[in-house]
Amino acid sequence: MQDQANAAPGPKRMPWNKGKLTGAKPPLRPKHVWTIRTKLQIEGRARDLAMFNLAIDSKLRGCDVVAIRVEDVAGGGYTADRATVRQRKTGRPVRFELSEQTRQAVDDYLRVTGKRPGEFLFPGRRRPDRSMTTRQYARLVSEWIGSVGLDPRLFGTHSLRRTKATLIYRRTGNLRAVQLLLGHTKIESTVRYLGIEVDDALAIAEQVDV
C-alpha cells in the first residue's frame, strides 16, 4: 500500500479541448457561405461542395451529415426537393428542404462518383463501405472556414447547422418553425440553441401591431 501511495503519477491525459475555444459556435454569415461555396466551385471540389451545401440546407448535426446515404436524398437517381433523416441523438426523423444549388451540387457529385442507393453519400477514405467520421468532417469544416480567412477555432460543424436556422428565425421570428427544422423536442432547446435573448423577442414583438 505504501509503495502504491508513493508511486509516481502516470502521464496526464491531454484535455480534448486544449488550445480550442469552447462554447457555442456562431453561425456563418451569408457572405461567408457564398465565399466558401464559390471557392469550392472554382477548385472543382465536387464532394466538398455537395457536403457543404447539404450541411447548410439540412441543418443536421455532424454525426447525421456523415451518416447520410444516397437514397436519403437521391433515391430516384436525382436529388429530391425534400428529404427525411432519422437523427442519431434523438431517434426522431427530421425533414429538410434542398435548394436548387444544393440539388445541383449533389447531382454533380453523384455523376462524378457513380454512387448508388445503399451506399454512404460521403464514405471514409480508408473504408469506402463506411461513412466519413465526424472527426474527418470537423477537419474539413475547419479547412473550409480557414480558407476564407475566418478563425477555425471560433467556428465548427455546429456553425453550419445553425447558419440557416438562425437566418430563418431572424427573418421570420417563427420559433416553432425553427424548432421543427432543427428536430428539437422542446422549444426551450431551440431558444438556447439560437441564443435568443429578451431583447430579440422584444424586437420581434415591436414589429407586430394588433
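A contact is a pair of residues with heavy atoms within 4.5 Å.

**Figure 1. Overall organisation of the predicted model.** Of the contacts in the protein with a separation of 6 or more, 59% are between residues 24 or more positions apart. The protein contains 11 helices and 2 strands. Along the sequence, these elements follow the pattern α-α-α-α-α-β-β-α-α-α-α-α-α. Of the 210 residues in the protein, 37% are buried. The accessible surface of the protein is about 13,200 Å², and carbon and sulfur atoms account for 51% of this surface.

**Figure 2. A patch of positive charge on the surface.** The residues that gather in this patch are R125, R126, R135 and R139. One of them, R126, lies in the loop between α6, which spans residues 100-113, and α7, which spans residues 134-147. The relative accessibility of R126 is 79%. A residue is termed exposed when this value is over 50%, and R126 is therefore classed as exposed.

**Figure 3. T133 in the loop between α6 and α7.** The relative accessibility of T133 is 40%. Buried residues have values under 20% and exposed residues have values over 50%; T133 therefore counts as partly exposed. Along the chain, T133 and G62 are 71 residues apart. In the model, the C-alpha atoms of T133 and G62 are separated by 9.1 Å.

Key:
Residues are numbered from 1 along each chain as its sequence is written. This is a predicted model: local features need pLDDT of at least 70, side-chain atom pairs count only at pLDDT 80 or more; totals for chains, interfaces and linings use all residues. Side-chain values use heavy atoms; hydrogens and water are left out. Patches are made of residues with over 30% relative accessible area and no salt bridge: like charges are joined within 9 Å, nonpolar side chains (Val, Leu, Ile, Met, Phe, Trp, Tyr) within 5 Å. Accessible areas come from the Shrake-Rupley method with a 1.4 Å probe; for residues, only the protein chains shown count as cover. A salt bridge is a side-chain nitrogen of Lys or Arg within 4 Å of a carboxyl oxygen of Asp or Glu. Lys and Arg count as positive and Asp and Glu as negative; His and the chain ends are not counted. The place of a charge is taken as NZ of Lys, CZ of Arg, CG of Asp or CD of Glu. Helices (H or I, at least four residues) and strands (E, at least two) are DSSP runs, numbered from the N terminus. Buried means under 20% relative accessible area, exposed over 50%, partly exposed in between (1.4 Å probe, protein chains only).
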